[in-house]
Amino acid sequence: MSTTNFKIRRQLDPPVIVVCTNEDKVKDPIERKNRQEQFIKNLGDVLNEKNKAHIRNIYFVSNTEDDDVVFEEIRENISSQAKLMNDWGKDCPLKWLLFQQVLGKLKETDVPISTTKALKKIARHKDIGITDDEEFVLCLQYYHDIGTIIYFDEETLRNYIILDPEWLVDAFRCLVSDKITDIISLSRDWKVLKERGELTSSLISLLFEKEPKLKFLENKEHLLEVMKRFDIVVNVANSDTLYMPCMMEACSFTAMQKKFMDENHVFNRTSWLCFQFDFLPPVFFHHVLAWCIKHEHWDVSEIVDSESATKRFALYRQIGVFNLDKSGCEQLVICEAPNVIAMQVWNSGSSENTYKQLRCTFSQLISNICCRYRLNVSFIKTFKCKDGNFVFDRKEMLELLKMEFRCNEHKCNHFSDELLEPWGCTDEKGQGDQSDSVYIILTGRLRSVRTHHNGKKSLVAEYGRGELVGIVEVLTDTARTTTIMAVRDTECAHLPGDLLNLIKRKYPQIVTRLIHLLGQRILGHIETRDEVHMNLDHVSGIDKKVSVGNLSTIAVLGSNQDVPLTSFTLELQHSLQAIGLTTRLTSDIVKQNLGTGAFDSINEFRLFNWLGQQEDMNIITLYQCDYSMTRWTKHCIRQADCILIVGLAKNDPSVGEVEKQMENIAVRAQKELVLLHEEDAESPKGTIEWLNARGWCSSHHHIRCPKRVLKKQAEVRVVESYERVYQTKPDRLSDFSRLARFLTGTSVGLVLGGGGARGLSHIGIVKALLEAEVPIDMVGGTSMGSFVGAVWCEDRNITRFTQRCREWSMDMTSIWQKVLDLTYPITSMFTGQSFNVTLEKTFKDRQIEDLWIPYFCITTDITSSSMRIHTHGSLWRYVRASMSLSGYLPPLCDPIDAHYLLDGGYVNNLPADVMKQLGANSIFAVDVGSRDSTESYNYGDKISGFWLLANKWSPWSETVKVPDMAEIQSRLAYVSCVRQLDHVKNSDYCEYIRPPIDKYGTLQFGSFDEIAELRYLFHPLILEWWSIKEKTKNNLKKKKRSNSIDSTNVYKICWLGKVHLPDVIKKEDQTAKLPEFMS
């Protein structure tokens, strides 16, 4: 004999000891050991963690080699394990034990069944003393639970008690056994049973007569009632005929479909709703089929048997069809496949019906079956297109969150709504639907999308925890203007419109507060539309997405196993802690809190409830995924507002296996690419290859990592090292802090305007910001601002940055280069070759995607008469286009679409509105444009350039102020931006800065040192403004948790009909104590 312990952290009762016999059949010791190890492995794979906790020992016993000593050892182990049980030694009524002995004696005397009345009489005997009826029933239920007897306290079953459970098993075996006489096998009744599962009373009697000693026939009625209780046999509604699901012949779905449909009459069909199990016991489908057969409002559909030309029920071993209404126009088809129960509805009438109630009913039915028969099985709901084979390629709900998905069976794309809508699974409130409720987001995220007349959809906004959705439509009693969909699993408090109307009538002061809130929202919308969208209505070259804020949950996903996910997540958490309370969750952390079975399907509700609590307690929750698509990784993706895809920049840019699976899941969450670089890395390269392989990413981020992040060490050591790091303050100028601000919607943007040589003062601005320790997270510019911004984003070393700008400026002062570049002025005065060389020399072949900091520049597209915003492509070309003054330089021909591009100053010389649209929260807008002089000289209807030249050089002539060609071009560039510039100056979303550069000319690049060192004039202003903003932000951060919506308060609000409102709003100041969502 050999034995092994089943290693498990915790043990559950009752204990299980596994004994495997016939060990002696394998003679070779090595082969015997291998088989034992394989058995233990297979057992571990089959059992879940909960079941493993019951196993104590596994014995391998030889039938010929082991003696009685071995078996005595097993008996002693069983006894010792029993004594270790929690219930061992607890008091049990002595009379119950005496009654159990009587039941055992009856069983030994071949009394397998007895009436309840007879046993009650025995229990009342003075030697036992169970006189109370309730105690007698309780005793019977106890012995039923431990498997001693079979007793059901139900109307049709309570009169009899089966003393020997094996007797019931023998009775069932008697009905299905092949060991029957030839007379029975040749009978018509037996043939009907084998083909249709129909069990006649006469056949039952014949089968029970085979075992006269077991007294089946005498107890026929009770046996059948017990078998009905276990769904072994079932009555069809309004019929006395019994059916045995396990005896029905098999039939494929295709064959069943042909019995109901033909080419001239094809039903409308829903998609397949599938309940997918980890393991589906064979008898489980019989329980489902029996429930449908017994349903009082459904009828089993009938078909014509082609062989006998007679009607029969559409019931088979693995499929059944039921009429959902009396007309027969709606039919439910239920099928079974390995580990799957699938259902579809056929409708010969309208195809617009939804069957949400049907889905909910069957979900509850399956849960009830598991509970009733104590089946430890778990399932998930999956879907399949209506014409597909539900056996394979099913899609989970999470995979259908996108509008379309790829169907491998049909090799085409399907709309997700085609699968979800028939079962009422869509997570949307549609545009044009009646507004009857207000929703308050407790956890999760909602997205608002507008569908235009041409069918195109545009993102309007996203809403996070604590925000209200639908209140305007409810108060104005109008249809929904947008479609609201869930970005991820979302829990909302539901405030019915009728209840809101009741509140309006009874408590007018709340209406006053609501009007104030709505007024603020409308004014904010108008202001945003005027200030931010004024110049974006005709923008091309950029996705017009709404900046996403109020992120609550962030999933961190590694592109491959080389990515140091733990170090990265801990470093990011350190930076996020400076903004707000942040927690990090991993699969190990979850298991430590919820146990090793936390990710089992049966614990899904408990897991999501716990994750929701973590989100409530923190402003940001970081979900660190595993390196493979485990259940935890799927949970992380499912919970995420934003997914960070992290890769090592030096690695191959190909898509990782987990990324491919995430793409198939196709979640709606925003996805960001994060590329990690060494601390001393040179400028990034090849970013476009990463992005081309990942079209689903919204944007990308280059991150220089401290050495501790990329250092390879054990995870335990990593966590220990960061305990010391967390005691220090994070560097807010680091790339991790920049990423943290992006994720929390607190990015700092720097907008650099155009103005020729006056734009050299941008260098001083950058220096002043660094000296004030103000971070620069995003840079955008026009004309000269696009050049200075691009140089800074490429090389953030302030010395090299200044030197490169100086070298370029000195090149711009070369007269010989300008002379050699002159051309016949049809398109422009210069060919542009000399100017191009200076920019190529500065930027080489750098792409915008390869800049350290997110960057954009503005150009004027004279082909489409629109503004262009460039966030990708050749850096020097788009900077050149943004600096191309009309008349001086030819338009740059865009290599992508051959459009002609000119100086961006003609449409937007200070693009702070664009920066706001791209997500910056704090914006510094630096204006260096020319200020038009109001003084002018009336020279009449014509003027001679020779006269102006003579006047300029003559010491005796009066100075005549007439603008030259450069000044005219400069004024033309800014004349269309005057209104937009006024909005920027008066806006509250940016800090407008105007350096003292009016005395410098547009082409005065020779004054580089003087212009670039103007920072000392406005450094105190920047420092003061930033200090005030930081102080305000910290105060708001302290208040954020206290102002967050508590779910208890929300539910109290939602049920105001049951709450005395003055308890929420004090009478002495009814406007001061408004509900949380009103404040």
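**Entry 1: strands 29 and 31.** I looked up Ile554 and found it opposite Leu622 of strand 31. The model is a predicted one, and I read every value here as computed. Strand 29 covers residues 553-558 and strand 31 covers residues 620-624; the two run parallel and are joined by four bridges.

I then traced the sheet around them. This open sheet has six strands in the order 30-31-29-32-33-34, with parallel pairing. Which strands sit at the edges? I noted strand 30 (582-585) and strand 34 (699-704), each of which pairs on one side only.

Helix 19, residues 565-576, lies across strands 29, 30, 31, 32 (642-648) and 33 (670-677). I recorded its angle to strand 31 as about 175°.

**Entry 2: nonpolar cores.** I next asked how many residues the largest nonpolar core has. The count is 58, and the residues with the most contacts inside this core are Leu750, Phe787, Trp808, Phe843, Tyr855 and Val879. Helix 29 (residues 784-794) gives the most to the core, with seven residues.

Leaving out residues up to four places away in sequence, Val879 touches Ser786, Phe787, Ala790, Leu839, Phe843 and Tyr855. Another core, of 43 residues, lies apart from the one above; Leu273, Ile293, Phe322 and Leu358 are among its members. In soluble globular proteins, nonpolar side chains tend to be buried together.

**Entry 3: strands 37, 39 and 40.** I moved to strand 40, residues 900-903, which pairs antiparallel with strand 37 (residues 855-861) over three bridges. Thr859 has Asp903 of strand 40 as its bridge partner.

Strand 39, residues 892-893, also pairs with strand 40 in the antiparallel sense, over two bridges. Here Cys893 is partnered by Tyr900 in strand 40. Strands 39 and 40 form a hairpin with six residues between the strands, and in this hairpin I noted a positive phi near 65° at Ala898.

**Entry 4: salt bridges.** I found 39 salt bridges in the structure. I checked some of them one by one.

The side chains of Asp231 and Lys294 form a salt bridge at 3.2 Å, N to O. Asp231 is in the loop between helix 11 (220-229) and strand 7 (234-235), while Lys294 is in helix 13 (residues 284-294); the pair links distant parts of the chain, 63 residues apart. Is Asp231 buried or exposed? Asp231 counts as buried because its relative accessibility is 9%, below the 20% cut-off.

For Arg994 and Asp998, the closest N and O atoms of the salt bridge are 2.4 Å apart. Arg994 is at 18% relative accessibility, so I listed it as buried. Asp998, at 46%, counts as partly exposed.

Last, I looked up a network of salt bridges and found that it links Lys384, Asp393, Lys395 and Glu409.

Conventions:
Residues numbered from 1 in each chain as written. Predicted model: local features only at pLDDT ≥ 70, side-chain atom pairs only at ≥ 80, totals over all residues. Heavy atoms only, no water. Pairing = 2+ DSSP bridges. Contact = heavy atoms within 4.5 Å. Axes fitted to C-alpha atoms, helices over the stretch in contact; angles between N-to-C directions. Core = buried A, V, L, I, M, F, W, Y, C linked by side-chain atoms within 4.5 Å. Buried < 20%, exposed > 50% of the residue type's maximum accessible area, 1.4 Å probe, protein only. Salt bridge = Lys/Arg side-chain N within 4 Å of Asp/Glu carboxyl O.
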